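Reader: I would like a close look at one part of this model, with every cut-off spelled out as you go. Please keep to what can be computed from the atoms, and treat the part as one connected picture.

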Number of protein chains: 2
Amino acid sequence: MRIGELAERTGVSVRALRYYEEQGLLGSERTGSGQRQYGEPAVDRVRLIQQLYGAGMSSASILELLPCVVTGIATPEMLERMREHRASVVRQIAELQDTLLRFDAVMANAVTSHDTGVSCHMANGQDTPGDQIVAVSMTNR
Amino acid sequence: MRIGELAERTGVSVRALRYYEEQGLLGSERTGSGQRQYGEPAVDRVRLIQQLYGAGMSSASILELLPCVVTGIATPEMLERMREHRASVVRQIAELQDTLLRFDAVMANAVTSHDTGVSCHMANGQDTPGDQIVAVSMTNR
DNA sequence: GCTACCTCTGACGTCAATGTCAGGTTTCTA
DNA sequence: TAGAAACCTGACATTGACGTCAGAGGTAGC
C-alpha cells in the first residue's frame, strides 16, 4: 500500500510516517518513481511504534529496542535496557492507578454530597438528573 | 517557605514552579520585597500537579480541574470532564499493560537466544522480510 | 558591612514530534 | 489525455514544559 493508505489505516499522519522513516523506525520499499510502498506488517509496526511512544519512549530508545522486539533477538545489553524500560512502564502504571483513585474519590464524593448545594455558576440546559451544584472533597492528601 | 525549598522538597525545578504560577496552577503569597512564600499545602499541590501532568493532561486541563479539587465544588460539567479524563487514564493503563506484555514476551524469548550472541543492532526498520511484531520463537534450539 | 547565595523579571533557547507550505512529479479516474 | 488527487523532498513553523542567561535586588551568616 502507499503512504496515504497506511496513514489512514493506522490513524497516524503521513508526515508522522515519513518522520518515522527518517528516524529509522519504519522502512519502506520504493517504486521506480520513488513512492513508498508498504506491506501489511507495516500496519502493526506503526501501531507498535505508537505504543512505545505512548510509553514515554523517545525515538532513540525505540530505535534501540525495536529490532529486538521485532526479531525477538537481543543481546544481554539490550535485555538490560528493556528491563529498565519495563520498570519505567510499571512505575507509570502505578502512578496512573493512583491518579485513578484520586479521580474516583472525587467523583464518588460528588455523587453522595450533591445536596450540600454551594452556590456556583452552572451550565444552562444541561439536564443531568439532580443537576444542582455538587460538592466534592478531594484533599491533597 | 521560599521557592528554592519548595523546589527541593518536591523535586521540581524553580523554573517549573514559576511556570505553574504563570499558568494559574499554583498560587503564592509575596513578601514585601516580592519574593514568593509558600505554605505546607503547596508541597502536596505541586505533587498533584505533577501527577496530573504525568497522566498526560495539559496545563489547561489541569487548570480546569484544580479549582474543583481545591474548593471541593464541582458543576455537573466539571464532573463530566473528570469522567473523560478518568476514561483517558484507564485507556493509558490498558495500553501500558499491553506494552508490558510485549516486553515480557520479548524478554522471555530473548533469554533463550541470548547465548546465540546474535547482534541486535541494525536500524533501518526494514529488517528481514516477513517480520513479526510480537516476538516469536525463531531461534534455533 | 562583606560575602555568598537566593530570588526577581523578562526574554530567548531547546527538544521532540508534527504541522504546514512550496514547487514539482506520479498515479488514478473520467 | 486531461485534471484531480496523491506523492515527493526540503525547509521553516509550532507546541508545551520547561532550561538558561542577564542584570538587578533580597537575605543570611559571620
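Author: Helices here are DSSP runs of H or I with at least four residues, and strands of the protein are runs of E with at least two, both numbered from the N terminus. The model is predicted, and local features need pLDDT of at least 70 while side-chain atom pairs count only at pLDDT 80 or more, although totals for chains, interfaces and linings use all residues. Residues are numbered from 1 along each chain as its sequence is written, chains are lettered from A and ligands numbered from 1 in the order in which they are written, and side-chain values use heavy atoms, with hydrogens and water left out.

Of the atoms of DNA strand D that come within 4 Å of the protein, 76% belong to sugar and phosphate. At least two residues of this surface are supplied by each of helix 1 (3-10) and helix 2 (14-22) of chain A and helix 2 (14-22) of chain B, and helix 2 of chain B gives the most, with four residues. By class, the surface near DNA strand D holds six nonpolar, eight polar and seven charged residues, where Ala, Val, Leu, Ile, Met, Phe, Trp, Tyr, Cys and Pro count as nonpolar, Asp, Glu, Lys and Arg as charged, and the others, Gly among them, as polar.

Several atom pairs show how the protein meets the phosphates of DNA strand D. An N or O atom in the side chain of Ser13(B) is 2.5 Å from a phosphate oxygen of DNA strand D, a polar side-chain atom of Arg36(A) lies 2.8 Å from one, and for Tyr20(B) the distance from a polar side-chain atom to a phosphate oxygen is 3.1 Å.

DNA strand C is likewise surrounded by 21 residues, the closest being Ser13(A), Tyr19(A), Ser59(A), Gly4(B) and Arg18(B). Sugar or phosphate makes up 78% of the atoms of DNA strand C within 4 Å of the protein, the rest belonging to bases. An N or O atom in the side chain of Arg15(A) is 3.2 Å from a base oxygen of DNA strand C. Phosphate oxygens of DNA strand C lie 2.7 Å from a polar backbone atom of Gly4(B) and 3.0 Å from a polar side-chain atom of Arg30(B). Helix 2 and helix 3 (41-54) of chain A and helix 1 and helix 2 of chain B each supply at least two residues of the surface near DNA strand C, with the largest share, four residues, coming from helix 2 of chain A. The residues of that surface divide into five nonpolar, nine polar and seven charged.

Gly4(B) and Arg18(B) also take part where helix 1 of chain B meets helix 2 of chain B: Ile3(B), Gly4(B), Leu6(B) and Ala7(B) in helix 1 are in contact (heavy atoms within 4.5 Å) with Val14(B), Leu17(B) and Arg18(B) in helix 2. This contact has five nonpolar, one polar and one charged residues.

Technical notes:
A residue is near a molecule or strand if one of its heavy atoms lies within 4 Å of it. A polar contact is a pair of N or O atoms within 3.5 Å; within protein, one must be able to donate a hydrogen and the other to accept it, and residues adjacent in sequence count only if both atoms are side-chain atoms.
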